[in-house]
Amino acid sequence: MRKSFRIKKPEEFQQVFDHHQSVANKYFVVYRLKKENQKHFRLGLSVGKKIGKAHDRVHVKRRIRQSMLELKPLLDQQSDILVIARPSVAGESQAFIKKQLTHVLGLAKLLKDESHGKD
C-alpha cells in the first residue's frame with residue numbers, strides 16, 4: 001500500500017479520534033472520519049504490545065495492510081480509517097484477519113458492497 005494511503009502523523013491520528021465514529025468486534029476496533037473531497041481513503045494502524053513482540057506486531061500489521069489492499073475497491077474512498085488490533089488477533093491466519101476486518105468494516109458502513117456479512 002502506497003504511503004499516500006497511510007495516516008502517520010500523531011496529529012492526524014488525534015483528529016480521527018476526536019471526531020470519530022467507532023465500531024468494534026472481538027478482534028478489531030475501527031474509527032472512521034468522513035472527509036469530503038478526498039481522492040482515496042487513508043489507513044492508520046495501531047498494534048499494541050499486548051499482541052506480542054515486535055516481529056509479531058509487524059506480522060499482524062502486514063496482514064491487516066494486505067487485507068485492506070484486497071478490500072480497496074469496496075471501501076469508501078472519502079474516509080480516514082484507524083484500525084486498532086486487539087490481542088485476540090495474534091497468531092491468526094490471513095484469511096481469518098480479512099474475514100474479521102470485512103465484518104467490522106461492514107459494521108462501520110465503510111464497504112460499498114452490502115453482501116459482505118452474509119455467508
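This is a predicted model: local features need pLDDT of at least 70, side-chain atom pairs count only at pLDDT 80 or more; totals for chains, interfaces and linings use all residues.
Within it, a search of the whole structure finds six salt bridges, two aromatic pairs are present, and the largest nonpolar core has 25 residues.

**Helix 3**

- The buried residues of helix 3 are Ile97, Gln100, Leu101, Thr102, Val104, Leu105 and Gly106.
- The cover over these buried residues includes strand 1, strand 2, helix 2 (54-71) and strand 4 (79-85).
- Lys109, which follows helix 3, has a positive phi, near 60 degrees.

**Nonpolar cores**

- In soluble globular proteins, nonpolar side chains tend to be buried together.
- Within the largest nonpolar core, of 25 residues, the most contacts belong to Phe28, Ile64, Met68, Ile81, Val83 and Leu105.
- Strand 2, strand 3, helix 2, strand 4 and helix 3 each give two or more residues to this core.
- Leaving aside residues up to four places away in sequence, Leu105 touches Val30, Met68, Leu71, Leu75, Ile81, Leu110 and Leu111.
- Another core, of seven residues, lies apart from the largest one; among its members are Ile7, Phe13, Val16 and Leu82.
- Phe41 is found in the loop between strand 2 and strand 3 (42-47), and Phe41 is buried, with a relative accessible area of 0%.
- A separation of 9.7 Å lies between the C-alpha atoms of Phe41 and Ile7, which are 34 residues apart along the chain.

**Aromatic pairs**

- The structure holds two aromatic pairs.
- In one of them, the ring centres of Phe17 and Tyr31 are 4.8 Å apart and the ring planes stand at 80 degrees; the pair is therefore edge-to-face, since planes over 60 degrees apart count as such.
- Because Phe17 belongs to helix 1 (residues 10-18) and Tyr31 to strand 2 (residues 28-34), this pair ties together parts that are 14 residues apart in sequence.
- Phe17 is partly exposed, at a relative accessible area of 31%, whereas Tyr31 is buried, at 16%.
- The rings of Tyr27 and Phe96 have centres 4.9 Å apart and planes at 85 degrees, so that pair is also edge-to-face.
- Tyr27, in the loop between strand 1 (21-24) and strand 2, is 69 residues apart from Phe96 in helix 3 (residues 94-107), and the pair links these distant parts of the chain.
- Tyr27 counts as buried at 14% relative accessibility, while Phe96 counts as partly exposed at 24%.

**Salt bridges**

- Side chains of opposite charge can pair when their charged atoms come close.
- Lys34 forms a salt bridge with Asp76, with 2.8 Å between the closest N and O atoms.
- This pair links distant parts of the chain, 42 residues apart: Lys34 is in strand 2 and Asp76 in the loop between helix 2 and strand 4.
- Lys34 is partly exposed at 40% relative accessibility, whereas Asp76 is buried at 14%.
- Arg42 forms a salt bridge with Asp80, the closest N and O atoms being 2.9 Å apart.
- With Arg42 in strand 3 and Asp80 in strand 4, the pair ties together parts that are 38 residues apart in sequence, and both residues are buried.
- Glu12, Lys35, Arg42 and Asp80 are linked in a network of salt bridges.
- Lys98 forms a salt bridge with Glu70, with the closest N and O atoms 3.0 Å apart.
- Since Lys98 lies in helix 3 and Glu70 in helix 2, that pair ties together parts 28 residues apart in sequence.
- Lys98 is partly exposed, with a relative accessible area of 27%, and Glu70 is partly exposed, with 39%.

Conventions: Residues are numbered from 1 along each chain as its sequence is written. Side-chain values use heavy atoms; hydrogens and water are left out. Rings of Phe, Tyr and Trp (its six-membered ring) pair if their centres lie within 6.5 Å; planes under 30 degrees apart count as stacked, over 60 as edge-to-face and the rest as tilted. Helices (H or I, at least four residues) and strands (E, at least two) are DSSP runs, numbered from the N terminus. Buried means under 20% relative accessible area, exposed over 50%, partly exposed in between (1.4 Å probe, protein chains only). Contact means heavy atoms within 4.5 Å. A nonpolar core is a set of buried Ala, Val, Leu, Ile, Met, Phe, Trp, Tyr and Cys residues joined through side-chain atoms within 4.5 Å. A salt bridge is a side-chain nitrogen of Lys or Arg within 4 Å of a carboxyl oxygen of Asp or Glu.
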